[in-house]
Amino acid sequence: MPPRPSLIIFDVDGVLVDTRESFQRTTLETVRLFTGKRVTRTELHRWKNRPGFNDDWKLSHAWVRSLGGNFEYEEVKRKFVELYWGKNGRGNASREKWLLPGATLRRLAKMAELAIFTGRIRRELDYTLDRWKAREYFQQIVTVEDVEHPKPNPEGLLKILAGRDRARALYVGDNVDDALAARSARIPFVGVLRRQSEERRQRGTRLRKLGARAILGEISELEKWLARRPPPAGSTSTSGPPAHRTIW
């Protein structure tokens with residue numbers, strides 16, 4: 001059995017954060033507003049199944065165009081951002097929920113170095129990490145603004161690795177672009193898809209075919225999955241969260 005990773009890199013949306021009522025809701029509202037058509041979460045996840053649609057702005061624009069809406073990307077993006085943030089902090093962003101319990105996060109931070117590679121922009125990620133007081137646990141953070149090539153390109157993962165042993169790292173994500181990035185970087189990958197969910201029905205098999213070591217039902221199961229693996233040679237536990245270092 002492979003040893004426990006010494007570096008765990010997390011995607012954010014759908015992994016650390018429940019975005020069904022934030023990003024997903026905003027995508028559906030944006031497409032409905034521009035097309036006047038009723039679109040569903042099932043259709044949304046069909047788009048998410050396709051490589052290159054980790055970016056919700058890009059996805060929304062492509063979806064609008066596919067339904068006959070002749071609108072420019074910037075116009076669709078502007079409305080999406082407006083709906084997401086809302087007025088006086090009352091937009092859909094306020095509906096998202098942090099999924100990894102604080103006690104579990106603290107134990108994971110003692111078990112391995114933690115990092116984030118996300119398709120979010122900096123403002124969106126800062127809002128979430130500060131709101132849920134989680135920033136201190138992640139030593140490295142790479143957003144879409146910190147790379148020249150976004151997912152599924154592995155640039156962000158390679159930036160975090162910085163030449164270290166890829167076999168001792170782990171990327172945890174929930175979509176096709178995450179799995180493709182991990183495969184290109186030659187980093188072990190674990191998927192997180194809620195049981196009995198549309199995401200799992202549509203993407204579970206695909207993620208396994210792309211090399212997922214496991215498909216967890218929720219991120220809190222990661223600790224137990226890791227505990228079944230021997231610790232890396234020469235590892236030592238720490239007494240608290242590691243010093244924070246952000247890459248931008």
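1. A word on terms before we start: a helix axis here is a line fitted to C-alpha atoms over the stretch in contact, and angles run from 0 to 180 degrees between N-to-C directions. Helices (H or I, at least four residues) and strands (E, at least two) are DSSP runs, numbered from the N terminus. Two packed helices are described by the angle between their axes and the distance between the axes.

2. Keep in mind that this is a predicted model, where local features need pLDDT of at least 70 and side-chain atom pairs count only at pLDDT 80 or more, while totals for chains, interfaces and linings use all residues. Residues are numbered from 1 along each chain as its sequence is written, and side-chain values use heavy atoms, with hydrogens and water left out.

3. Start with α1 (20-35) and α4 (residues 73-85), which pack at about 130 degrees with their axes 9 Å apart. That makes the pair oblique, the word for whatever is left once angles under 35 degrees count as roughly parallel, over 145 as roughly antiparallel and 65 to 115 as roughly perpendicular. The crossing of α1 and α4 is right-handed, meaning that the near helix is turned clockwise from the far one by less than a right angle.

4. Now look at α2 (41-48) and α9 (198-209). Their axes come within 9 Å and cross at roughly 25 degrees, so α2 is roughly parallel to α9. This crossing is right-handed. Thr42, His45, Arg46 and Lys48 in α2 meet Glu198, Glu199, Gln202 and Arg203 in α9, and the contact has no nonpolar, three polar and five charged residues.

5. α1 also packs on α2, at about 95 degrees with axes 10 Å apart, so the two are roughly perpendicular. The contact includes Arg20, Glu21 and Leu28 of α1, plus Arg41, Leu44 and His45 of α2. By class, that contact has two nonpolar, three polar and four charged residues.

6. Next, the largest pocket, with about 680 Å³ of space. Its lining has 37 residues, and Asp13, Thr19, Lys48, Asn54 and Asp56 lie nearest its centre. Elements giving at least two lining residues each include α1, α2 and α9. The lining divides into 10 nonpolar, 10 polar and 17 charged residues.

7. Finally, two backbone spots to check. Most residues other than glycine have a negative phi, and most peptide bonds are trans. Asn88, in the loop between α4 and β3 (97-98), has a positive phi of about 55 degrees although it is not a glycine. A cis peptide bond joins Lys151 and Pro152, with omega about 10 degrees, and Pro152 lies in the loop between β5 (140-142) and α7 (155-161).

Methods. 1 Å grid on protein atoms, 1.4 Å probe; cavity = no way out; pocket = protein on both sides within 12 Å on 5 of 7 lines; lining within 4 Å. Points joined across faces, edges and corners; volume = space filled by probe spheres on them. Nonpolar A, V, L, I, M, F, W, Y, C, P; charged D, E, K, R; others polar. Contact = heavy atoms within 4.5 Å.
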